[in-house]
Amino acid sequence: MEKAKIDRINFLAKKSRAEGLTDAEKAEQQLLRNEYREAVVGNLRAQLDRIEFVEPDGKVTKPVENS
């Protein structure tokens, strides 16, 4: 996610606490938060997909997928 979008999320959060948001800003905040969550989950999933276990005998295995 771009730094500008994260900065906007933070700005809206601060403004929400300080003075409140308009309906348009609330909608924008929700969209940005959802996009951020999707990016975090995608990054985590990519990291988990790269995990491999090395057994004592040198055999490399991947974890069992629980979908």
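Colleague: Which residues make the nonpolar surface patch of about 320 Å²?

Modeller: This is a predicted model. The patch covers about 320 Å² of nonpolar surface. Its members are Met1, Ile6, Tyr36 and Val40.

Colleague: Is Tyr36 buried, partly exposed or exposed?

Modeller: Tyr36 sits in helix 2. Its relative accessible area is 40%. Buried means under 20% and exposed means over 50%. Tyr36 therefore counts as partly exposed.

Colleague: And Asp49, buried or exposed?

Modeller: Asp49 also belongs to helix 2, which runs over residues 23–49. Its relative accessibility is 52%. The cut-off for exposed is over 50%, so Asp49 is exposed.

Colleague: How far apart are the C-alpha atoms of Asp49 and Glu65?

Modeller: Along the chain, Asp49 and Glu65 are 16 residues apart.

Colleague: What span should helix 1 have at 1.5 Å a residue?

Modeller: Helix 1 covers residues 3–18, which is 16 residues.

Colleague: Which residues of helix 1 are buried?

Modeller: Residues three or four places apart in an α-helix point the same way, because there are 3.6 residues a turn. In helix 1, the buried ones are Ile9, Leu12, Ala13 and Lys15. They lie on the same side of helix 1, because their arc around the axis is only 165°. What covers Ile9, Leu12, Ala13 and Lys15 includes helix 2.

Colleague: Which exposed residues are on the face turned away from the buried side of helix 1?

Modeller: That face points away from the buried side. Its exposed residues are Lys3, Ala4, Lys14, Arg17 and Ala18.

Note on methods: Residues numbered from 1 in each chain as written. Predicted model: local features only at pLDDT ≥ 70, side-chain atom pairs only at ≥ 80, totals over all residues. Heavy atoms only, no water. Helix = DSSP H or I, 4+ residues; strand = E, 2+ residues; numbered from the N terminus. Buried < 20%, exposed > 50% of the residue type's maximum accessible area, 1.4 Å probe, protein only. Expected span 1.5 Å × (residues − 1). Arc of directions from axis to C-beta. Contact = heavy atoms within 4.5 Å. Patch = residues over 30% accessible without salt bridge, like charges linked within 9 Å, V, L, I, M, F, W, Y side chains within 5 Å. Areas by Shrake-Rupley, 256 points an atom, 1.4 Å probe, with all protein chains shown as cover. Salt bridge = Lys/Arg side-chain N within 4 Å of Asp/Glu carboxyl O.
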